[in-house]
Amino acid sequence: MIIVSACLLGIRCRYDGDSRPENRLLSILSDEICIPVCPEQLGGLTTPRLPSEIIDGDGSDVLNGRTKIIDPTGKDVTEQFLRGAEEVRRLARLMQIDTSILKEKSPSCGVHYIKRGNLVLRGMGVTSALLLSDGIKVISSDRIEEEYVRYHRNRK
Ligand code: SF4
């Protein structure tokens with residue numbers, strides 16, 4: 001069983017009401033039970049919603065209270081992002097899931113990168129950082145081939 005960012009499975013949960021289906025992902029995961037999650041929806045945000053950004057640092061800094069997440073109107077949505085991350089972690093613990101594949105560059109799901117304005121910066125999203133701190137493997141949607149295939153092979 002594996003947790004997957006819902007937008008990667010074709011669920012229209014992105015801020016713009018769209019999805020980012022990864023057909024290659026579906027074929028690689030054909031023998032896995034995928035649990036789709038969207039932390040931003042689980043945190044209580046609407047779809048569609050305004051795109052939000054971590055204003056400084058990354059998801060680890062949000063978890064440590066060192067920075068916050070705001071939408072383009074300046075509204076602080078940190079609480080919703082934290083709540084969504086907690087819900088995903090709760091689900092992972094409840095179902096004893098130790099692996100996730102998350103959408104790269106998102107302020108929730110980014111694994112190696114997040115976006116700030118037009119910049120792509122090194123760093124993790126809030127949910128990815130929380131899952132990693134809980135010992136859950138987080139695999140980037142941009143590196144499914146290398147990271148998941150290698151991980152899956154080593155697990156056998
Ligand atoms: S990247 Fe994560 S938070 Fe954003 S729409 Fe996809 S599942 Fe939801």
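Tutor: Helices (H or I, at least four residues) and strands (E, at least two) are DSSP runs, numbered from the N terminus, and two strands pair if DSSP finds at least two bridges between them. This is a predicted model, in which local features need pLDDT of at least 70, side-chain atom pairs count only at pLDDT 80 or more, and totals for chains, interfaces and linings use all residues. Residues are numbered from 1 along each chain as its sequence is written, and side-chain values use heavy atoms, with hydrogens and water left out.

Student: How many bridges join strand β1 to β2?

Tutor: Strand β1 (residues 2-5) runs parallel to β2 and is joined to it by 4 bridges. I3 has I35 of β2 as its bridge partner.

Student: What is the strand order of the open sheet?

Tutor: The 4 strands follow the order β2-β1-β5-β8, with parallel pairing. At the edges are β2 (34-37) and β8 (137-140), each pairing on one side only.

Student: Which strands does helix α6 lie across?

Tutor: Contact means heavy atoms within 4.5 Å. Axes are lines fitted to C-alpha atoms, for helices over the stretch in contact, and angles run from 0 to 180 degrees between N-to-C directions. Helix α6 (residues 144-155) lies across β1, β5 (99-102) and β8, at about 145° to β8.

Student: Where does a positive phi occur in the hairpin of β6 and β7?

Tutor: Strands β6 (residues 113-116) and β7 (residues 119-122) pair in the antiparallel sense over 4 bridges, and Y113 has R122 as its bridge partner. With 2 residues between the strands, the hairpin has G117 at a positive phi near 60°.
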